[in-house]
Amino acid sequence: MQDAQDGPSRTDVDAIVVGAGFSGLDAVHVLRERGYTVQGIEAAGGVGGTWYWNRYPGARTDSKAFIYCLSFSKELREEWDWSELYPTQPEVLAYLEHVADRFDLKRYFAFDTTVTAATWDDDTSLWTVDTSTGRRFRARYLISGVGCLSAVNRPQFDGIERFQGRVEHTARWPQEGVDVSGQRVALIGAGSSGVQLLPELAKTAGSVTLFQRTPNYVAPYTSTRFSDEDREAYRRDHEAIQAHIRQNPGTMYFSPAGPSAKLADPAERETVFEQAYAQGGLAMLLGTYEDLLVDPESNDLASEFLRSKIKETVHDRETAEILTPRTYPFGVKRPPCGVGYLDAFNEPTVSVVDVRSTPIEGFTERGLVVDGSEYEFDVIILATGFDASVGALLRLNVTGRNGRRLADVWAHGPESYLGLGIPDFPNLFTIIGPLSAFGNLPTVVEHNVDFVADLLDKARAAGTPVVEADVAATDAWVQESRTIAAQTLLTSAKAANSWIMGANLEGRELAVLWYPAGANTYFDRCDEERERGFPGFSLAPAVPTTAMAV
Ligand code: N01
């Protein structure tokens, strides 16, 4: 086979990688380094993945900068200077642009190209990938780097097309921005995106009205600027930091204060909670007590502390009450972090409408209707989130062995071995796919990509390039994930409408989307699988073709 990268037609390659975010960039880089020919496909006009699309004001990470990056290259670490603890969207996008340029990755991608179908052919042992541009690609391996929060959720509001003003979604924010100066703005959604955007809108808009269905336990952000000394310290301590996050269930740089909130001394516990709240970000969830997501009594203590902060911060009693979560435990819905979110409700131009018991009835020419009343706006912003984890994969229209469609196989929830391989879908690998680990995602991405590359190397060395997750190993992984989830507070996901279990989408069955025993345990399990020679995957020879090199 020709070296697909050198010729004008990059149709037949070893691997197709879908997506140019953290996962896709890392996968293309690692596979190239190991001698595979690769074709990347990306729907956007450039690299960045989630950071390409989510350009709304206020967007930033809630992972610390010195771990929210790729760790494989010392040079990359030396030459990139993060400016603050929780970097903003433009800075993360600039970082990913830099990664792509630094390792010359853009040349392997077809941009502005959306995958419309991916089909396995048993007669050739190849994947065929069709795209929106009409180009068709063939490869031995199909690696999904589509991300877990990329399929946009746009609720079907009645009459939305009638509205004469502007409608935008946070996850498809226009590159040129949206000028809301003096405008009457409606914001639908109070998840991480809405919580980050609202205070930014409030700076210039004439008014901001939040339409909130489920209130959130919102932690503040304290994003300090980095000094040169800070940066030097992070570089010097890189190995220790990586070892630390590898042992943390959320792959984050926090050290819990103790095993149990309910068993801690009350005065000490109060101090721990206060310190975590002041520290901001995810410290309240990951830097206090280890049992918050498994013990209801411990969780109650944290939930009540956060409720008291809302009451303390928001002056108007009725507004504070609407913003206070009371029907589900803290952490079951991924907690948003907000710079000045709660304080914004003390501004006379900012208000909230509770749409839990009286949902939005529909849009009109001038605005939207709730409980029979019309609210008029110039701009309506949807911060309504994503079809998480499975959505972006299903939108690839994947068909495996014997014409089996992934959408049918996963009709009652995703089934996958280690979140990476699916029986009947040979040579498809899903980076941070359903039932892999959730946490600081670049860390999980790198671990997943290295695992898959090692597996492909083994298959290549053995001359058995058709790799498929075993049914028994997959069943056991799915069962284990469901059993562990049932022992946690995730069982309250429905009450929280939490995307963590797909409960945010109407008509969707509740599903375990992540391996719930923590990323540290997940990494151990993957490492064990690798050390034992990948017993959970079968390897077989390919149907001989003259076109492929592997
Ligand atoms: O989405 P969400 P998101 N009528 O699903 C509401 C990551 N992220 O984009 O809760 C009225 O959390 C919905 O209401 P309800 C992060 O992992 C990270 O905000 O379903 N409201 C909810 O309030 C995050 O968790 C950052 O009742 C409707 C909101 O829309 C994940 O992405 C920043 C509705 C959606 O909240 C998703 O966050 C941004 C309807 N019909 C995102 N339909 C960082 O900070 C939906 N809603 C790193």
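Colleague: Which residues are linked in a network of salt bridges?

Modeller: In this predicted model, the network links R34, R246, D454, D457, R460, D524, D527 and R530. A search of the whole structure gives 41 salt bridges.

Colleague: What makes D524 and R246 a salt bridge?

Modeller: Their side chains meet at 3.1 Å, N to O. The cut-off is within 4 Å, from a nitrogen of Lys or Arg to a carboxyl oxygen of Asp or Glu, so the pair qualifies. D524 sits in helix α18 (residues 519-531) and R246 in helix α7 (residues 238-247), 278 residues apart.

Colleague: Why is D524 called partly exposed?

Modeller: D524 has 42% relative accessibility. Buried needs under 20% and exposed needs over 50%, so D524 falls in between.

Colleague: How do you know that R235 and D81 form a salt bridge?

Modeller: The closest N and O atoms are 2.5 Å apart, and the limit is within 4 Å, so the pair counts. R235 lies in helix α6 (residues 228-236) and D81 in the loop between α3 (74-79) and α4 (89-102), so the contact ties together parts 154 residues apart in sequence.

Colleague: Are R235 and D81 buried or partly exposed?

Modeller: R235, at 16%, is under 20% and therefore buried. D81, at 43%, is partly exposed.

Colleague: What does the salt bridge of D12 and R138 tie together?

Modeller: The two side chains meet at 2.8 Å, N to O. D12 is in strand β1 (residues 12-18) and R138 in strand β6 (residues 136-144), so parts 126 residues apart in sequence are tied together. D12 is buried at 17%, while R138 is partly exposed at 27%.

Notes: Residues are numbered from 1 along each chain as its sequence is written. This is a predicted model: local features need pLDDT of at least 70, side-chain atom pairs count only at pLDDT 80 or more; totals for chains, interfaces and linings use all residues. Side-chain values use heavy atoms; hydrogens and water are left out. Helices (H or I, at least four residues) and strands (E, at least two) are DSSP runs, numbered from the N terminus. Buried means under 20% relative accessible area, exposed over 50%, partly exposed in between (1.4 Å probe, protein chains only).
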